[in-house]
Amino acid sequence: MDYQIRLDFNSKPSTVMHIDLNSCFASIEQQANPLLRNKPIAVAAYDTPNGCILAPSVQAKKLGVKTGMRVKEGKFLCPELIVLKPDTEKYRNIHRKFKSLLSFYSPEVTPKSIDEFVLDFSGTPAFRRGLFDVSREIKNRIKAEIGDYLTVSIGLGPNRFLAKTASNLHKPDGLDEINKENIDAVYGGLTLTDLTGIDRQNAIRLNSVGIYTVTDFYHADLRTIKAAFQSICGYYWFLRLRGWEIDDVEWGTKSFGHSYSLPKFLTKAEDLAPILAKLVEKVGFRMRKEGFQARGVHLALLFEDHEYFHQGLSLDQPIFSSQDIYRVAYRILRHSPYRLPVRNLAISCFDLSDRTNLQLGLFDDRQKKDNLVKAIDEINDRWGNFVITPAIMAGTEEHVHDRISFGNVRGLI
Amino acid sequence: MIQKISAPISVQLVYDHRRHSVAPRRLLWDGREYPVTQVGLHHTFREGRTLFHIYSLTSDSLFFRIRLDTDTLFWTLEEIADGLSN
């Protein structure tokens with residue numbers, strides 16, 4: 001291999017801490033119900049045989065149960081598996097308690113997902129105490145103040161990527177650092193797909209330029225990595241692997257979306273309409289609460305046979321009311337060329353703009369509509385979502401439950 | 001086995017100002033008294049603007065999930081379980 005362009009490993013001390021709550025949803029359920037502790041349990045989207053397992057407990061993982069499996073597959077591997085439906089409020093509460101506790105140690109606490117936090121200790125008094133001591137104290141305080149059954153894996157490193165990688169080295173309850181001294185040994189023990197962000201497809205790309213191990217990846221020159229990725233991502237990986245920070249980026253809000261896996265597959269647009277209306281209500285409410293309007297609506301349908309249809313519509317004028325979003329979404333739904341049973345329905349609004357700039361329309365009174373929508377949102381906020389809903393949503397109480405998305409914690413606090 | 005229930009219950013709650021703690025001690029449901037052996041978790045949520053407190057606790061081999069409505073100060077038993085598979 002040709003090593004032409006070199007960059008030294010970042011000699012900055014490990015100031016970044018990554019904290020990962022082990023088997024988050026399942027551990028929280030075991031914390032809440034002591035009778036479930038040390039038992040194989042799983043939190044699944046639905047507790048029916050085809051429900052998707054979102055989080056197996058540590059004990060279930062040891063028996064081979066994995067995230068993404070069907071409940072029936074989990075039960076096949078482990079007949080005594082206890083399956084629970086998600087309790088999102090419980091998980092959000094624990095997330096807030098974690099954030100509050102961690103804020104005691106650093107002003108820079110960034111939630112990366114419902115169960116992951118990144119802390120930057122640069123220039124903090126806690127850093128001078130030593131981050132291994134601080135990590136142990138955090139672990140003890142979590143047990144004493146949040147839940148005695150909860151364990152976290154903590155990783156330390158000079159950048160976010162290495163801190164996260166360190167947190168994955170020993171699970172559960174790990175505490176590791178990756179730095180200049182041990183980087184070769186750590187990379188030597190990992191495979192390419194162990195790295196966060198390198199999936200099978202990226203590993204194939206790397207293989208195509210002669211990179212088969214993480215050590216190869218680390219020692220490869222910039223030109224080789226760029227050839228593998230064919231984009232700026234190659235340069236980002238070149239920096240990331242050497243401990244330079246590239247992931248401390250705040251991404252702006254680009255869209256609002258919601259999807260729903262139907263427990264009973266539906267074919268006709270009229271049958272899907274009530275569920276679509278409920279998804280639109282949720283998306284519209286969240287978008288307006290964040291002060292946005294949208295000039296585009298996107299609908300995606302996944303069919304029973306895994307055929308896929310999706311279409312986005314860009315509009316002349318921005319829209320914000322759920323009624324308008326629904327009208328566009330339903331039009332797209334009617335355009336679907338397939339008449340197959342739908343297993344998953346997803347809606348999103350894109351091309352966002354600030355809602356404070358209401359452009360007056362020639363034919364409709366946007367101010368009047370804005371006032372009406374605000375009044376409905378205020379009532380729904382006061383008395384709970386969906387007190388006032390479109391009539392078409394009637395009978396959807398059992399559909400589109402509250403969910404926590406993977407990765408996204410926007411609007412959680 | 002988990003069983004969803006929605007029944008009013010009586011709860012004896014103790015506030016300890018020295019320990020800064022609040023915890024249920026005893027439940028009375030369906031004519032029987034259940035001493036609380038362990039509180040697993042306390043969390044809160046809002047439905048609209050009404051704040052609810054949820055206590056997840058055990059009494060010997062039974063799990064209880066109880067809810068306090070802070071508007072009415074009434075308690076509701078939401079769920080019982082025995083820690084076994086359904």
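A nonpolar core is a set of buried Ala, Val, Leu, Ile, Met, Phe, Trp, Tyr and Cys residues joined through C-beta atoms within 7 Å. A residue is buried if 20 or more other C-beta atoms, placed from the backbone, lie within 10 Å of its own.

The model is predicted: local features need pLDDT of at least 70, side-chain atom pairs count only at pLDDT 80 or more, and totals for chains, interfaces and linings use all residues. Residues are numbered from 1 along each chain as its sequence is written, while chains are lettered from A and ligands numbered from 1 in the order in which they are written.

**Exercise 1.** Describe the nonpolar cores and the surroundings of Val43(A).

*Solution.* Step 1: the largest nonpolar core holds 65 residues. Met17(A), Phe25(A), Ile41(A), Ala42(A), Val43(A) and Leu81(A) have the most contacts inside that core.
Step 2: a separate, second core has 28 residues, including Val280(A) and Cys349(A).
Step 3: two residues are in contact if their C-beta atoms, placed from the backbone, lie within 7 Å. Neighbours within four places in sequence aside, Val43(A) has contacts that include Phe25(A), Glu29(A), Leu54(A) and Pro86(A).

**Exercise 2.** Work out whether the radius of gyration of chain A agrees with that of a compact globule.

*Solution.* Step 1: the radius of gyration is taken over C-alpha atoms, and the globule rule is 2.2 Å times the number of residues to the power 0.38.
Step 2: for 413 residues a compact globule would have a value near 22 Å; chain A has 24 Å, which agrees.
Step 3: along its principal axes, the C-alpha trace of chain A spans about 65 × 55 × 45 Å. Of its 413 residues, 35% are buried.

**Exercise 3.** State the secondary structure of chain B and judge how compact the chain is.

*Solution.* Step 1: helices (H or I, at least four residues) and strands (E, at least two) are DSSP runs, numbered from the N terminus.
Step 2: chain B has zero helices and eight strands.
Step 3: chain B has a radius of gyration of 13 Å, close to the 12 Å from the globule rule for 86 residues, so it is as compact as a globular protein of that length.

**Exercise 4.** Describe the side of chain B that touches chain A.

*Solution.* Step 1: 16 residues of chain B contact 17 residues of chain A.
Step 2: β5 (38–47) and β6 (50–59) of chain B each give two or more residues to this side. The largest share, seven residues, comes from β5(B).
Step 3: Ala, Val, Leu, Ile, Met, Phe, Trp, Tyr, Cys and Pro count as nonpolar, Asp, Glu, Lys and Arg as charged, and the others, Gly among them, as polar. This side of chain B has four nonpolar, nine polar and three charged residues.

How values were computed
Buried ≥ 20, exposed ≤ 12 C-beta atoms within 10 Å, placed from the backbone.
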